[in-house]
Amino acid sequence: MKPEELLGADWIARLNRLTLSTGQRVRGTRQGRRRSRELGASLEFADYREYSPGDDVRRFDWSVYGRTGRKVVRQYLDEQELQVTLYMDVSQSMAFADDGGASKLLHASRLAASIGYMTLAAYDRLGVYRVDERIGDGMPLLRGRPATHRLLEFLAASEAGGRGDLAEAFKDRSRLPKLPGMTWIFSDCWTERGEEELEEAVARLQAARQEVVLVQVLTRGEIQPRLSGDLKLIDAELGTFKEAALTGRLIEAYEQEFTAYRGRLAEFCARRGVAYVLAPVDVPLRETVLGTMRELGLVR
Amino acid sequence: MGIGSWAGLWFALGIPLILMMYLLKRKFIDTPVPSHLLWRRVLENTEANRPWQKLRNRLLMWLQILAAALLAFALMRPFLWTDAGTGGTLVVVADVSASMSAIYASEPGDSETAVAPTRLDILKSEILADTRQADGDLTLIRMGGSPQVVASAADDQASWNRAVEELEPDYARTSYREAISLASAVAEGQQDARIIVYTDGQWSERVEDLPVSVPVEVRRIGGERYRNASIEQFGTDGNRAVGVVANTGNSVLEVGVELSGDGRAQGKETLALQPGERQTVTFDRAEAAEVYRLSLAGLSDDYAADDDAFAFPESGGAVKVLLLSDGNLFLEKALRLSGAEVTRLDLSGNAPTADTEASDTEEGAGKTESTAPPLPEEQPDIVVVEGELPASLRSGTWGQWLGNAARWTIGGKEEAGQPGNRRVELTAHPITRYLSLTEPYFGPLTEGRPAGLQTLLSIGGRPAIAAGTENGQRALWFGFNLQSGDLPLNSEFPVLVSNATTWLSGGRGGGLGRAISGAVVEVPIATGAESALWRPLQGAAFEKNGGATQAVNGNPTSGSGEHAGLASSQVAPSVPGLYAFEQSGNGLEEAPVYLLDVRADASESTAPTAENPVFGAMAATGTTGVSDDMAPNTANGDHRSRLPLTIPLAALIIAIMLTEWGVYRRGRSI
């Protein structure tokens, strides 16, 4: 995977006109471009307040004083940076791809690069981590457009391998973001225990005051399997296998089961106020970002 | 629906074999999947990993199994029962054995009606009813004494009906096996051929082992009840007549047995017979008669052909000749050569030497010319007197006795005047047939030529041999002494004697005994007989046909018409009764007449068996089930035939295989 594969030039031009949108006002540590819950030094007027000695005279409103003789100061909203954290699932299952198509990892990396670029372009704070059984190494603090190159290199350097266990990984509170912010999880959501495990992981992130976005990256073969005959189905991560005579009815049953699984994911996400995005590998990046994510209000 | 061959079921073992092959085929392809999460749930629900699970929804396998099952089914040769007359060759075998002339009595009291139909009538109407709708080829085989194809492939309904209507009972010994073999041969190789046998089930031959390759159906004719009494044996011994009467039916009968001699009733007895019982009736003091008849009177039994029996003295053998002579070896030998039974009575007074036992009684009785010798026990047919007849024999019982026989007088006292020349002139007569008599020297002629006799041979214009009728008996006179000439040494002498014996014994026939109708009987054919006929005298044949005669076939070996002789082996007439064998020919005015009692085959008198005949081909090929199946069907009068399903099944299998090919090509497991 090369860094330049992740973001094309025209796509970068498109991303420049987009920003991430959060449902809540952020509270960062540094000045940023995000509207904060704090009152601060932005140009956006918030309220008037009685002058008290020691106030910055630059904010004294002479016009009001001239008209009414009252001494008031103008208060402005503060604009702070947004803490955005990207978690990239790099378990073995992410290495799968459709015939001749991109792997799930590559697709997820492109999505992450897009989200990351948008973050950096907005002068927000970005953290990127690889996740398998636990939260692996990452780039904890990226800020500003120039950091794009580092982001891409980090993403391009990821390789799929090993087991994945999201619930276990997010148990480690020390690796969770300290500040409230936005967390994106890029995963195929194939876990050992299924939706229960995912909900647990999401709950831990929400406890860390994160606005979670769950992006499920899947190949088309996982949504609509094209298998037939007597097959020994080997789990890529666990190594266990199941023998099955795959018939049309079985495929049908799988598809039904997949729909149900997806429905349960969407259900708990909706219940918890978590955005859930299904991003199949064969759906173009542009469509996912400009279509699905914009519809969900994640991107403006 | 039925099954032609249950042996084909063995091929059904191929079905579990195919299943085994599919079950044992455990070849899983390693396929890594990202996760088991969903697969586990799916497989837990559908249990697809169980061995038989994979058998589901495998169209190819089901098609294969279907094809194999159909194949096995087709090998079982299934067929559908369809109504008779749905195409195909139909071979109708009509049983016309004597028992078919029995009255069809389905219910008690039927036989008492005036015009009760016979089984044959029912058979005809059934055949006509069954074949009215037939659209295939029809062949009618008459199962009689010799099987015969009466109508073959007759598509014309009128001629078929005529052929059926013309069926007559055949009283000969029925050849059931031959008829079935013939039917099988006719049906062989025909499309959808089947054989229907119409019979009363009264078969004297077994046909189980007969190979029949086409389906045979038996339609039973005749009811449960069968009333019949049969005269099994009848004979006379001098003045005593003995008969054996049996009840061959299945109900108690009271039978009146009537004896008549030459048409005059002589006695009657009444017997009560249980089913299966036989009784002997004896009539003592029967009046002398030529032909005795024993008949069952006052009885209306179902089967009439065995109700009469005839008996007559069996005198058909040798001609009995009483030779009154001093001893003439040549004459005696010549008489014996002609087949006569010679008894010589020595006129010189010595004891008669005889070659029959009968003449032993006269042994030791010294005779003079004045005392007549005792009469021989048997009445001779011909009396040959050489020389002069002694006076003692001319009158009294001897005279009367000799008057009943044909007389041949030879020689006597020599005549004084002898003819001037010895030129022999011959007149055509049975006695002079084949003879020229120019060579021998006859010696001096004798006197005493009886008047009224026709001269057959004259020497020098004087009669030497004359023949004619004297006192109602044939008479032959030789006007020379045999000792005086060399005629006995001549080669023509035995022929002359033979001719003389034949002519003198002419008109007197005898009994030929008893024969089964259609059988071959040996008949002594008179020399010169050109044609002959059987004339019914009494019994069923006479009553039925009103005395219509039945011509006798000529001897096929003698080709030319002029000398067309008759074979001594003749076929007895077909209808039972008493017959006379009458011969006629050029110069054969009075040939001997022989009597023959023609009877129906005795085995036809018995009651029909309960079960139908079983045909052997089924047993041979191991498909006895079919005939077992068939029996109840036919008993119920179920008129059905078989429509084989093999061809539609084969077409179905081909269609399935084409479907399989399509499925295979699409490469889907379902």
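At roughly what angle do the axes of helix 7 and helix 9 of chain A cross? I started the notebook with this pair. The model is a predicted one, and I kept that in mind throughout.

**Entry 1. Two helices of chain A**

I looked up helix 7 (residues 195–207) and helix 9 of chain A; their axes cross at roughly 20° and come within 10 Å. Angles under 35 degrees count as roughly parallel, so I noted helix 7 and helix 9 of chain A as roughly parallel to each other. I recorded the crossing of these two helices of chain A as right-handed.

I then listed the residues that meet. Helix 7 of chain A brings Glu195(A), Leu198(A), Glu199(A), Val202(A) and Gln206(A), and helix 9 of chain A brings Tyr261(A), Arg264(A), Leu265(A), Phe268(A) and Arg272(A). By class I have 5 nonpolar, 1 polar and 4 charged residues in this contact.

**Entry 2. Where chain A touches chain B**

Strand 8 of chain A and strand 2 (residues 29–33) of chain B run parallel and are joined by 5 bridges. I found Leu231(A) opposite Ile29(B) in strand 2 of chain B.

**Entry 3. Strand 6 of chain A**

Next I took strand 6 (residues 181–187) of chain A, where 7 of 7 residues are buried. I looked up its partners. Strand 3 (residues 83–89) of chain A runs parallel to strand 6 of chain A, with 5 bridges between them. In that pairing, Tyr87(A) has Ile185(A) as its bridge partner. Strand 7 (residues 210–218) of chain A is also parallel to strand 6 of chain A and is joined to it by 7 bridges. I noted Ser187(A) standing opposite Gln216(A) in strand 7 of chain A.

**Entry 4. Strand 5 of chain B**

How many of the residues of strand 5 of chain B are buried? I counted 6 of 6 in this strand (residues 138–143). Side chains in a regular strand alternate between the two faces of the sheet.

I followed strand 5 of chain B to its neighbours. Strand 4 (residues 90–95) of chain B is parallel to strand 5 of chain B and is joined to it by 6 bridges; Val92(B) has Leu140(B) as its bridge partner. Strand 6 (residues 148–152) of chain B pairs with strand 5 of chain B in the antiparallel sense over 4 bridges, and there Ile141(B) has Val149(B) as its bridge partner.

**Entry 5. An eight-stranded sheet in chain B**

I traced an open sheet of 8 strands in chain B, in the order 17-16-18-19-23-22-21-20, with mixed pairing. Its edge strands are strand 17 (340–346) and strand 20 (424–426) of chain B, each pairing on one side only. I recorded an average twist of 15° from one strand to the next.

I found Val424(B) opposite Ile459(B) in strand 21 of chain B. Helix 10 (residues 493–504) of chain B lies across strands 16, 17, 18, 19 and 23 of chain B, and runs at about 155° to strand 23 of chain B.

**Entry 6. Totals by chain**

Chain A comes to 10 helices and 10 strands, and 39% of its 300 residues are buried. Chain B comes to 14 helices and 31 strands, and 41% of its 670 residues are buried. Among contacts in chain A between residues at least 6 apart in sequence, I noted that 76% join residues at least 24 apart. For chain B, 70% of the contacts with a separation of 6 or more are between residues 24 or more positions apart.

Terms used
Residues are numbered from 1 along each chain as its sequence is written. Chains are lettered from A and ligands numbered from 1 in the order in which they are written. This is a predicted model: local features need pLDDT of at least 70, side-chain atom pairs count only at pLDDT 80 or more; totals for chains, interfaces and linings use all residues. Two strands pair if DSSP finds at least two bridges between them. Axes are lines fitted to C-alpha atoms, for helices over the stretch in contact, and angles run from 0 to 180 degrees between N-to-C directions. Two residues are in contact if their C-beta atoms, placed from the backbone, lie within 7 Å. Angles under 35 degrees count as roughly parallel, over 145 as roughly antiparallel, 65 to 115 as roughly perpendicular and the rest as oblique. A crossing is left-handed if the near helix is turned anticlockwise from the far one by less than a right angle, and right-handed if clockwise. Ala, Val, Leu, Ile, Met, Phe, Trp, Tyr, Cys and Pro count as nonpolar, Asp, Glu, Lys and Arg as charged, and the others, Gly among them, as polar. A residue is buried if 20 or more other C-beta atoms lie within 10 Å of its own, exposed if 12 or fewer, and partly exposed in between; C-beta atoms are placed from the backbone.
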